[in-house]
Each structure stands twice: as C-alpha cells, then as structure tokens.
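Open the model in your viewer and keep the sequence panel beside it. Select each stop as it comes up.

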Amino acid sequence: MQFLSVYKKISQDDLGAADRHNRVVYRSEHLRNDNFLERENDGEKFKVLRYVDDCDPSILITVSDMLELIEDIRIVISESTHDIEITNHLKEVIFMCKLCIWNINDFYLEISPWGVNTDTYPKDLPEEYRFNISCL
C-alpha cells in the first residue's frame, strides 16, 4: 500500500522546530492502491509511477512532476474502469496534485510505502472518510 501525503514546505529557519506530522496538509491511502501505483515494470509507459515501489518514498515538488503524475494516473484510471473504488482513489490523487500545483511554493506531494501513525488523521472526520474518500 502507498500512503499519499501533501506536505507544507518548511523554510530553513523552521526546519528544526517543525514536527513532520504537523506539516501534513492532506493525506490519503487505500489498501489496494499498490496494484495500481507501483509500476516499476512498466517503465516505458509511465513517467512517475515507474519509480514508485515498496522500498522508497517518491517526492514530487515541481509543477512538471505533478503534471507527469496526473498523466500517469489518467492511464491507470483507464485501466481500472471496472473498479469504482480505486478509480475514486486515483481521482483523489489528482486532486492532491492540483492542490500542490495551486500552491506550488507552499506544498509538495509524497508517495510513501511506509505506514503513518493513524492518530495523525483528524478525529473529527467521520470514520468512513478519515483515510480516503474513495468509498463514497
């Protein structure tokens, strides 16, 4: 499973003072997303997803990074048309890219195979929307 997070960029002055969890702007996960996002065997087909794997995080910082991921996600969405839940999750990833593009000087996207502390998710969110919105 891949954990997708939008982080607020921290200035050099604030690096020591900021806790990583406090920098999270938005986060999403889905139990089956690794089947769609880990495409290291499809290097010719994908620009960003070919680097997503179960060993290292991928960090996207620039507008071109986000646009390339959106193009990759569009391909994956076309392959997953019969799986509405995954399709909705992938659309949520596009939303996350858009959020970063709109705030490119402030936010970046991380795709990570490493788990996150679920206590960092806002407790006020209803349970069915807390980790992703793909089951809507």
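**Before you start**

This is a predicted model, in which local features need pLDDT of at least 70, side-chain atom pairs count only at pLDDT 80 or more, and totals for chains, interfaces and linings use all residues. Residues are numbered from 1 along each chain as its sequence is written, and side-chain values use heavy atoms, with hydrogens and water left out.

**Stop 1: colour by confidence**

Colour the chain by pLDDT, the predictor's confidence in each residue, from 0 to 100. The protein averages 87. Of the residues, 88% score at least 70. Helices (H or I, at least four residues) and strands (E, at least two) are DSSP runs, numbered from the N terminus. Select helix H2, residues 63-79: confidence is highest there, at a mean of 96. Now select helix H4, residues 127-130, where confidence is lowest, at a mean of 76. Where pLDDT is low, the predicted coordinates should not be read in detail.

**Stop 2: the aromatic pairs**

How many aromatic pairs does a search of the whole structure find? It finds two. Rings of Phe, Tyr and Trp (its six-membered ring) pair if their centres lie within 6.5 Å; planes under 30 degrees apart count as stacked, over 60 as edge-to-face and the rest as tilted.

Select Tyr7 and Tyr108. Their rings are stacked, 5.5 Å centre to centre with 25 degrees between the planes. Tyr7 sits in strand S1 (residues 3-8) and Tyr108 in strand S4 (residues 107-112), so the pair ties together parts that are 101 residues apart in sequence. Both Tyr7 and Tyr108 are buried. Buried means under 20% relative accessible area, exposed over 50%, and partly exposed in between (1.4 Å probe, protein chains only).

Next, select Tyr26 and Phe95. The ring centres are 5.4 Å apart and the planes stand at 75 degrees, so this pair is edge-to-face. Tyr26 belongs to strand S2 and Phe95 to helix H3 (residues 84-102), 69 residues apart. Tyr26 is partly exposed, because its relative accessibility is 24%. Phe95 is partly exposed too, at 39%.

**Stop 3: Arg27**

Select Arg27, in strand S2 (residues 24-29). Is Arg27 buried or exposed? Arg27 is buried, yet has no salt bridge. A salt bridge is a side-chain nitrogen of Lys or Arg within 4 Å of a carboxyl oxygen of Asp or Glu. The nearest side chain of opposite charge is Glu110, 5.8 Å away. Lys and Arg count as positive and Asp and Glu as negative; His and the chain ends are not counted.

Show the side chains of Ser5 and Tyr7 as well. The side chain of Arg27 makes a polar contact of 2.7 Å with that of Ser5, and another of 3.0 Å with that of Tyr7. A polar contact is a pair of N or O atoms within 3.5 Å; within protein, one must be able to donate a hydrogen and the other to accept it, and residues adjacent in sequence count only if both atoms are side-chain atoms.

**Stop 4: the salt bridges**

The whole structure holds six salt bridges. Among them is Glu85 with Arg32, at 3.9 Å from N to O. Glu85 lies in helix H3 and Arg32 in the loop between S2 and H1, so the pair ties together parts that are 53 residues apart in sequence. Glu85 is partly exposed at 30%, and Arg32 is partly exposed at 32%.

Move to Glu79 and Lys45. Their closest N and O atoms are 2.5 Å apart, in a salt bridge. Glu79 is in helix H2 and Lys45 in the loop between H1 and S3, 34 residues apart.

Within helix H2, select Glu71 and Arg74. Their side chains meet in a salt bridge of 3.2 Å, N to O. The two are three residues apart, so about one helical turn separates them. Glu71 is partly exposed, at 40%, whereas Arg74 is exposed, at 51%.

**Stop 5: Asp54**

Finish at Asp54, in the loop between helix H1 (34-37) and strand S3 (58-60). Asp54 is exposed, at 52% relative accessibility. Leaving aside neighbours within four places in sequence, Asp54 is in contact (heavy atoms within 4.5 Å) with Gln2, Glu38 and Pro113. Now select Ser112. Asp54 and Ser112 are 58 residues apart in sequence and 7.9 Å apart in space, C-alpha to C-alpha.
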